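Open the model in your viewer and keep the sequence panel beside it. The tour below goes from one selection to the next and says what is there.

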Amino acid sequence: PIAVLENIGSAEDIKVQPGAVWAIPEDAKAYLLDLLQGGGIRLHIDYIDLIYRTLHDISETPRAAYGGVEKDLSGAALNIELGSLIQKVTRKRTIRTNAYHQRTAMILKLAEKYLGENFDGITHRVVWGPILPQDTARRAQNEQLLVQAGVHSRRTAMDEMGIQDPDEEFNRWLEERERILEMNQQFRAQSTRGGARERAVAAEMEVPE
C-alpha cells in the first residue's frame, strides 16, 4: 500500500504494516492511497482494453479471431469482422507462394542434374485451404449450378472445392462414369434377352383355338 502524508515537511522510516504507529503533527493527515476511488476501476479497465486493442492492431488479429464474437455472424459479416486477419494471411500466402515456387524449381533442377531425368513440362502449384470456415454443402451446390450453367468447368469447380489434383480426380470420375455406363448396358442387354425368352415360352404355351 501507498501511504499519503499531508502537511508534513519530511518523514523517514514510514512503515505500512499492521500495528504501526505514526507520530505526526496535529494539523497533519495520514492515510493509505485508495487507487480504486474516484473511478479508478474504470481507469484500470480502460487501460487494459487499450493494451488489448494495441496488441490486436499490431498483430493484425482482431479479437473475434480468439472467439470474442458475442453474437452469431453470417459469412459476409464474419469476413468484415476478420478483414485485417484475412489481409494478413493473404499477404503471407502471396509471399510464400513465390518462395515455394522457387524452391520447387530448384529441387527439379537438382533432380535433373543428379538423377539424369527430364522434368520439362512439369507444372507445380500451391493449394491453400480456406482461411475462414466454409459451408461445404452450400459451396458444393453453388459449384454444381455454375458447372450446369456452363460458367466454368468441372476442373475449376474441383479447384474451388480444394481438390489438390483436379486432373487426376477428373480422370477418376471419367473411369467411374465409363464403368457405370458399361454396367448399365450389360444390365439392359440381360433384361432384353430375358424378356425375349419369356415371350417365346409364353407363345409355345398358348393353345390354338
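**Stops along the chain**

Arg172 and Glu169 sit three residues apart in helix α6 (residues 166–205), so about one helical turn separates them. Select both residues in this predicted model. They form a salt bridge, with 3.7 Å between the closest N and O atoms. Arg172 is partly exposed, at a relative accessible area of 44%. Glu169 is also partly exposed, at 32% relative accessibility.

Next, select Arg42, Asp46 and Asp49. Salt bridges with shared partners join these residues into one network.

How many salt bridges does the structure hold? The count is seven. Side chains of opposite charge can pair when their charged atoms come close.

For the next stop, select Glu60 and Arg91. Their side chains meet in a salt bridge, at 2.8 Å from N to O. Glu60 lies in the loop between α1 (40–59) and α2 (75–81), while Arg91 belongs to helix α3 (residues 83–115), so this pair ties together parts that are 31 residues apart in sequence. Switch to a surface view and look at each partner. Glu60 counts as partly exposed, with 25% relative accessibility. Arg91 counts as partly exposed too, with 39% relative accessibility.

Now select Arg125 and Asp159. A salt bridge joins Arg125 to Asp159, and their closest N and O atoms are 3.0 Å apart. This pair links distant parts of the chain: Arg125 is in the loop between α3 and α4 (136–148), and Asp159 is in helix α5 (residues 154–160), 34 residues apart. Arg125 has 41% relative accessibility and counts as partly exposed. Asp159, with a relative accessible area of 34%, is partly exposed as well.

The last stop is Thr97, which lies in helix α3. Is Thr97 buried or exposed? Its relative accessible area is 18%, and the cut-off for buried is under 20%, so Thr97 is buried. Show the residues around Thr97. Apart from neighbours within four places in sequence, Thr97 is in contact with Val126 and Trp128.

Conventions. Residues are numbered from 1 along each chain as its sequence is written. This is a predicted model: local features need pLDDT of at least 70, side-chain atom pairs count only at pLDDT 80 or more; totals for chains, interfaces and linings use all residues. Side-chain values use heavy atoms; hydrogens and water are left out. A salt bridge is a side-chain nitrogen of Lys or Arg within 4 Å of a carboxyl oxygen of Asp or Glu. Helices (H or I, at least four residues) and strands (E, at least two) are DSSP runs, numbered from the N terminus. Buried means under 20% relative accessible area, exposed over 50%, partly exposed in between (1.4 Å probe, protein chains only). Contact means heavy atoms within 4.5 Å.
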